[in-house]
Amino acid sequence: MSVLTIDNLQTHFFTSAGVVKAVDGVSYSVDRGEVLAVVGESGSGKSVTGLSIMGLIDQPGRIVGGSIRFDGKEIANLPQAEMRKLRGSRIAMIFQDPMMTLNPLLKVETQMIETIHAHRPMPRDEAWALCRDALGRVGIPSPDERMRAYPHQFSGGMRQRVAIAIALLNKPDLIIADEPTTALDVTIQAQILHLMQQLVEEDGTGLVWITHDLSVVAGFADRVAVMYAGEIVEQATTDSLIATPRHPYSRGLIGSVPSRNVRGARLLQIPGGAPPALNRPEGCRFAPRCTFRMEGCEAPQELSSNVRCWRAAELPEFEEVLA
C-alpha cells in the first residue's frame, strides 16, 4: 500500500524576473517499507519536491497544481495548523546539514523531548528515556551523557545521527531524507545508509532518499526516479535502471560514474549544462545536451512506459554506448 502518492505536482516560484517552474508535473509513489531514490543534478527540483510534501514552500513559491496524498489523504496546500500535526509525527524530514535541524543554543535532550511533547503528552522522565534509547539506536555511544551535550560538541556524523534519531522519535510513516550523507566521509556515510535500511525494514517506514550520488543508490534503494529540469524523466527498479537505463540523461549519469570507465581512458561526461530555470526548452528539456537528438525532439515529451523519451525503444544498447 502506498504511503505517499504524488500526481502531476507543480510548484512554481513567482519572481520579478518571471515564473520559475521548479517542479513541473512530477508524479511518483512510495510504499511502506520501500526506499525510493530521487536522483538528478543540482537544480533539478528534487529538494523542492520534498519541501512541497512537507508543506515548507515559502513565498514567492507555492504549489499551483497536482496532488499530494499521504496515507490516502490529500495534503497539498493543507492549512499549516493541520500540517504541523503531521510534520515530525507521521512525516519527518532529514536535511543535508544537521545544523538546519538542531538549535545550537539548546541541549540535545531539550530538542528531542520538545519533539515528543509537540505531538503527544508524556511525563518528562519517560520522554527522556525514549530519547536516550533513540540515540543508542542510531549508534551514538554513551547516550546518557550525550543527551546533555550541545550540538557543537558532536562531530558532523554524530550530529546527523542525532537528526535521524529526532526524525524517528515519533515512528513516522514517511521519511524524506534530503542528501543527508553528502557532507560526511565514506565510512560514516556507509554506516548511516546501513542504519536507515535497517530502520525501514524494521518499522515499515516509507523512505524518499534525495541524492545526486548514484553510488549511494546501488544496493540501497528499491526504485529510482530520475529528475531533470523539474520533471521525472525515468522511473525504474534500481537494478533495472543501473543495468539498462533507457533515457539518455539516465545513461549519461550512470556512464559518468568513474567505476564504469576504462582505466586510463578519459572520463565520460554529459556535455553542456542544465537549462536556466527561466528559459527551459519547450520540447525535450534534455535535447540540447543529448547525443541522440534528432528531428522531432523539439516536441514536448510525455512520460510513457516510465521514460520521457520518444526514442527510448530504438536507442543502442547501453553497454555498446559505453564501449
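Student: How many of the 10 residues of helix 3 (residues 108-117) are buried?

Tutor: Residues are numbered from 1 along each chain as its sequence is written. This is a predicted model, so local features need pLDDT of at least 70 and side-chain atom pairs pLDDT 80 or more, while totals for chains, interfaces and linings use all residues, and side-chain values use heavy atoms, without hydrogens and water. Buried means under 20% relative accessible area, exposed over 50%, and partly exposed in between, with a 1.4 Å probe and protein chains only. Helices are DSSP runs of H or I with at least four residues, strands are E runs of at least two, and both are numbered from the N terminus. In helix 3, seven of the 10 residues are buried, so this helix is largely enclosed by the rest of the structure. The seven are Val108, Glu109, Gln111, Met112, Ile113, Thr115 and Ile116.

Student: Which helices do the buried residues of helix 3 pack against?

Tutor: Contact means heavy atoms within 4.5 Å. The partners are helix 4 (124-137), helix 5 (143-146) and helix 6.

Student: Which residues have the most contacts inside the largest nonpolar core?

Tutor: A nonpolar core is a set of buried Ala, Val, Leu, Ile, Met, Phe, Trp, Tyr and Cys residues joined through side-chain atoms within 4.5 Å. Here the largest one has 63 residues, and Met112, Ile164, Met196, Leu207 and Trp209 have the most contacts inside it. Helix 6 (residues 156-168) supplies the largest share of this core, seven residues. Apart from it lies another core of 33 residues, with Ile6, Ile75, Leu78 and Met83 among them.

Student: What is methionine 196 in contact with, leaving aside its neighbours within four places in sequence?

Tutor: Methionine 196 is in contact with Ile94, Ile164, Ile175, Leu207, Trp209 and Phe220. Threonine 49 sits in helix 1 (residues 46-54) and, at 1% relative accessibility, counts as buried. Not counting residues up to four places away in sequence, threonine 49 touches Ile6, Leu9, Val23, Val26, Tyr28 and Met227.

Student: How many aromatic pairs does a search of the whole structure find?

Tutor: Rings of Phe, Tyr and Trp (its six-membered ring) pair if their centres lie within 6.5 Å; planes under 30 degrees apart are stacked, over 60 edge-to-face, and the rest tilted. The search finds four pairs. For tyrosine 228 and tyrosine 249, the ring centres are 4.6 Å apart and the planes at 55°, so the pair is tilted. This pair links distant parts of the chain, with tyrosine 228 in strand 9 (residues 223-228) and tyrosine 249 in helix 10 (residues 248-255), 21 residues apart. Both tyrosine 228 and tyrosine 249 are buried.

Student: Where does phenylalanine 286 lie in its pair with tyrosine 228?

Tutor: Phenylalanine 286 is in the loop between helix 10 and helix 11 (318-322), 58 residues from tyrosine 228. Their pair is edge-to-face, 5.3 Å centre to centre with 90° between the planes. Phenylalanine 286 counts as buried at 4% relative accessibility, as does tyrosine 228 at 2%. Ring pairs link Tyr228, Tyr249 and Phe286 into a cluster.

Student: How much space lies in the largest cavity?

Tutor: Rolling a probe the size of a water molecule over the atoms shows where empty space is left. On a 1 Å grid over the protein atoms alone, a cavity is a set of points where a 1.4 Å probe fits but cannot get out, and lining residues have an atom within 4 Å of a point. Grid points are joined across faces, edges and corners, and a volume is the space filled by probe spheres set on the points. The count comes to one cavity of 30 Å³ or more, and about 80 Å³ of space lies in the largest cavity. Of its 13 lining residues, Pro248, Cys284, Cys290, Cys297 and Cys309 are the closest to its centre.

Student: Where is cysteine 297 placed?

Tutor: Cysteine 297 is in the loop between helix 10 and helix 11, and at 10% relative accessibility it counts as buried. Leaving aside neighbours within four places in sequence, cysteine 297 is in contact with Gly283, Cys284, Ala287 and Trp310.

Student: Which peptide bond is cis?

Tutor: Most residues other than glycine have a negative phi, and most peptide bonds are trans. The bond from glutamine 59 to proline 60 is cis, with omega near 10°. Proline 60 is in the loop between helix 1 and strand 4 (61-70). As for phi, serine 142 has a positive value, near 50°, and serine 305 has one near 55°. Serine 142 is partly exposed, with a relative accessible area of 45%, while serine 305 counts as exposed at 55%.

Conventions: On a 1 Å grid over the protein atoms alone, a cavity is a set of points where a 1.4 Å probe fits but cannot get out, and a pocket is an open set with protein on both sides within 12 Å along at least five of seven lines; lining residues have an atom within 4 Å of a point.
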